[in-house]
Amino acid sequence: MTQTVPPGNPEAPTTPGATAADSGASASGHEAEAAAGRGLPAALKRRVPKYADLAPLMQFKKPEFSRAARLRRASTIWDLRDMAKRRTPQAPFDYTDGAAEAEISLRRARQAFLDIELRPGVLRDVSSIDLSTDILGGPSRLPVGIAPTGFTRMMQSEGEYAGSQAAAAAGIPYTLSTMGTASLEDVAAAAPTGRNWFQLYLWTDRDRSLELIQRAAAAGNDTLMVTVDTAVAGARLRDVRNGMTIPPALTLKTVLDASYRPAWWFNFLTHEPLTFASLSRYAGTVADLINSMFDPTLTYADLDWLRETWKGKLVVKGIQTVDDARKVVDHGADGIVLSNHGGRQLDRAPIPFHLLPEVSAALQADRSEAAIILDTGIMSGADIIAALALGADFTLIGRAYLYGLMAGGRAGVDRALQILEKDMERTMALLGVSRIADLTPEHVRLLGT
Ligand SMILES: Cc1cc2nc3c(=O)[nH]c(=O)nc-3n(C[C@H](O)[C@H](O)[C@H](O)COP(=O)(O)O)c2cc1C
């Protein structure tokens, strides 16, 4: 009987009587040999593990359940969001997480950051990455600051104190909202080394506006950010569906919710009640006050008055067209925030990240020195780097820090900022860029263009 054995093939059948055509016999012969370990490299032969091999692999640690350990396990802002959702009652979580109407503006803004290609340069020395920058006449250790957010102590009781102190520790600006639940003076006292900015809802009632402006200056704020995308309130449908009230009311639903989010309710009920701390002298109800924040009669004449009245840097927040960007700069703004209010006002509004190249080109053509700040949709440090590459001078985060706050108070905001910083450092190194000033539009390609 002839046996066809390809020359030099160690796996060829050796059993007498077997042929290559007899594939079944061949395979079982091979398996038998492999099982016996014959003909295999030493590393592929099975053996009984020895203790000395196992010892270095055994790294059993005592499980840690502390807040710090929990937060360390978050690697992304989305992880912090998951933690926040588990720890916060539905109404305040949705108030933060949600946006207006069908939430298209927010979804598109986040998607816009994903629909890009980041284009690296290789063989650059990126052993040291410098993320520091100057914005509005002062330094910031990172190219991002904290956006103004109202009712912050409702999300987690450390609220504005956690935000301002974390920002001061990170060396970045913090913006207190007119709707803040800590006062201008309390934030200045809590974060005395921080760069504190104040966000103003301007009223045509100038006495009321003036009082806040003077207090902001006295409390050491170097920048006033006037928000102009709130002629009326956006339709936040999650709040309507949740029957959201401020402060949250104790109803059957919220008491049930409290049973599995006890820490939030314990904190909430054992701290000072929520107020608009900078407006505590307002005589009406909270609902009246909220409605009064949105003044549909405002015009450029009010902006001119503000420019004359406020001596520090003036930034206009909520710019959504190239024309308006140019116009507010002509009226004396030192900076603009390209923002659709985190998708919380007009649904299907322009996406700030898409608007950025045009606005940047227009202001450059006008030889304007006004700062371009961008917010809405930022969920990673790479989003920030992409915005800077396309012409932003600075960025702001709203939800990204609030998820951290809800996940773990001050330590959670610290964690959010650490995550973003690490993201930014890594993205810059992989792009082959070591300084913010070296980022250019060449580093980003909008897919589909
Ligand atoms: C819960 C919450 C409250 C906010 N309150 C204010 C506010 O009082 N004044 C303001 O100008 N913008 C406010 N904003 C908008 C933010 O300043 C910022 O424009 C927006 O959050 C950016 O989008 P992002 O959350 O995707 O980062 C708020 C946003 C959130 C999420």
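Leu176, Leu184, Val187, Ala188, Asn196, Trp197, Ala219 and Asn221 line the second largest cavity of this structure. The volume there is about 30 Å³, and the whole structure holds two cavities of 30 Å³ or more. Two elements give two or more residues to that lining, α9 (184-190) and β6 (196-200), with α9 giving the most, three residues. By class, the lining has six nonpolar residues, two polar and no charged.

Some ground rules. This is a predicted model, in which local features need pLDDT of at least 70 and side-chain atom pairs count only at pLDDT 80 or more, while totals for chains, interfaces and linings use all residues. Residues are numbered from 1 along each chain as its sequence is written, and side-chain values use heavy atoms, with hydrogens and water left out.

Now the terms. On a 1 Å grid over the protein atoms alone, a cavity is a set of points where a 1.4 Å probe fits but cannot get out; a pocket is an open set with protein on both sides within 12 Å along at least five of seven lines; lining residues have an atom within 4 Å of a point. Helices (H or I, at least four residues) and strands (E, at least two) are DSSP runs, numbered from the N terminus. Nonpolar covers Ala, Val, Leu, Ile, Met, Phe, Trp, Tyr, Cys and Pro; charged covers Asp, Glu, Lys and Arg; the others, Gly among them, are polar.

On to the pockets. The largest has a volume of about 860 Å³, counted as the space filled by probe spheres set on the points, with grid points joined across faces, edges and corners. Its lining has 43 residues, and Tyr95, Phe151, Arg236, His341 and Arg344 lie nearest the centre. Elements giving two or more residues include α5, α6 (104-114), β11 (394-397) and α19. Which element gives the largest share of this lining? That is α14, with four residues. The lining divides into 22 nonpolar, 14 polar and seven charged residues.

The second largest pocket holds about 480 Å³ of space. Of its 25 lining residues, Ala370, Ala371, Ile372, Gly391 and Asp393 lie nearest the centre. At least two residues each come from β2 (133-135), α17 (352-365), β10 (371-374) and α18 (381-389). Here the classes are 13 nonpolar, six polar and six charged.

Last, the helix α19 (residues 399-431) and two of its partners. The axes of α5 (residues 90-97) and α19 come within 10 Å and cross at roughly 160 degrees; axes are lines fitted to C-alpha atoms, for helices over the stretch in contact, and angles run from 0 to 180 degrees between N-to-C directions. So α5 is roughly antiparallel to α19; under 35 degrees is roughly parallel, over 145 roughly antiparallel, 65 to 115 roughly perpendicular and the rest oblique. Phe93, Thr96 and Asp97 of α5 make the contact with Arg399, Leu402, Tyr403 and Met406 of α19, where contact means heavy atoms within 4.5 Å. These residues divide into four nonpolar, one polar and two charged.

With α18, the axes come within 7 Å of each other and cross at roughly 55 degrees, so α18 and α19 are oblique. Gly381, Ala382, Ile384 and Ile385 in α18 meet residues of α19 including Leu420, Asp423, Met424 and Leu431.
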